[in-house]
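Reader: I have a structure on screen and want to learn how to read it. Where do I start?

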Amino acid sequence: MARRITDAAMKRHSAYLIFQINYKPALSYPLHHTLFTDQQCDSIQSSFINAILPKMGFNRHMPRVVIFGPQIYGGVALADAKVEQTVFLVTDMITELQRSTLVGKQFKYLIANYQRYLGTAIPFFHQNPADYPYKPRNSRITLMVAT
């Protein structure tokens with residue numbers, strides 16, 4: 001998709017529409033079902049972002065904080081894969097916790113066991129992850145807490 005964008009002649013509004021209508025849904029769908037690291041998210045979106053920014057009228061070397069920042073602070077407010085993934089993980093977890101399904105019960109057990117593993121009396125969602133003495137790897141909760 002990035003190569004076709006680079007070769008195409010388009011107006012700024014058309015580039016923004018391509019980002020919102022084609023790219024964002026294509027990026028969002030697998031983020032519900034996968035666990036990417038921050039580096040993997042950056043590598044997944046970098047080629048497309050570098051291709052679409054000049055078409056939108058921005059320099060491709062513009063700081064990513066401005067590109068992904070909210071418009072209220074002067075940002076462009078494009079979707080960042082890291083942020084989208086975290087939002088999907090947290091909303092999916094909250095949705096499942098509110099239900100009485102098997103997945104919701106598994107999340108409750110996972111949270112309780114993670115709390116016991118850390119050995120703290122304070123709920124771990126209220127603590128700084130850098131202060132944890134132990135961190136299990138490759139866990140949905142570890143990914144959500146670390147971001």
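Author: Start with the helices and strands. A helix here is a DSSP run of at least four residues, a strand one of at least two, numbered from the N terminus. Keep in mind that this is a predicted model.

Reader: How many helices and strands does the protein chain have?

Author: Seven helices and zero strands. Along the sequence the pattern reads α-α-α-α-α-α-α.

Reader: What percentage of the residues is buried?

Author: Buried means under 20% relative accessible area. In this chain, 32% of the 147 residues are buried. The accessible surface comes to about 9600 Å², and carbon and sulfur atoms hold 57% of that.

Reader: And contacts between residues at least 6 apart in sequence: what share joins residues at least 24 apart?

Author: That share is 50%.

Reader: Take L78. What does L78 touch?

Author: Leave out residues up to four places away in sequence. L78 then touches Y16, F19, L53, M56, I67 and F68.

Reader: Next, helix packing. At what angle do the axes of helix 5 and helix 6 cross?

Author: Roughly 110°, and the axes come within 7 Å. Angles from 65 to 115 degrees count as roughly perpendicular, so helix 5 and helix 6 are roughly perpendicular to each other.

Reader: Which residues meet there?

Author: From helix 5, M93, E96 and L97; from helix 6, V103, G104, F107, K108 and I111. This contact of helix 5 with helix 6 divides into five nonpolar, one polar and two charged residues.

Reader: How do helix 3 and helix 5 pack?

Author: At an angle of about 125°, with their axes 8 Å apart. That makes helix 3 oblique to helix 5. Helix 3 brings D38, C41, D42 and Q45 to the contact, and helix 5 brings A81, K82 and Q85. By type, this contact of helix 3 with helix 5 holds two nonpolar, two polar and three charged residues.

Reader: Now a loop. Is A79 buried or exposed?

Author: Buried. The relative accessible area of A79 is 9%, and the cut-off for buried is under 20%. A79 lies in the loop between helix 4 (64-68) and helix 5.

Reader: What does A79 touch?

Author: Again, residues up to four places away are not counted. A79 touches F19, K24, Q45, F68 and E84. F19 and F68 are also among the contacts of L78. For a distance, take A79 and S28: they are 51 residues apart in sequence and 9.4 Å apart in space, C-alpha to C-alpha.

Reader: Last, backbone angles. What phi does A77 have?

Author: Most residues other than glycine have a negative phi. A77 has a positive phi of about 65°, although it is not a glycine. A77 is in the loop between helix 4 and helix 5. At 32% relative accessibility, A77 counts as partly exposed.

Key
Residues numbered from 1 in each chain as written. Predicted model: local features only at pLDDT ≥ 70, side-chain atom pairs only at ≥ 80, totals over all residues. Heavy atoms only, no water. Buried < 20%, exposed > 50% of the residue type's maximum accessible area, 1.4 Å probe, protein only. Contact = heavy atoms within 4.5 Å. Areas by Shrake-Rupley, 256 points an atom, 1.4 Å probe, with all protein chains shown as cover. Axes fitted to C-alpha atoms, helices over the stretch in contact; angles between N-to-C directions. Parallel < 35°, antiparallel > 145°, perpendicular 65-115°, else oblique. Nonpolar A, V, L, I, M, F, W, Y, C, P; charged D, E, K, R; others polar.
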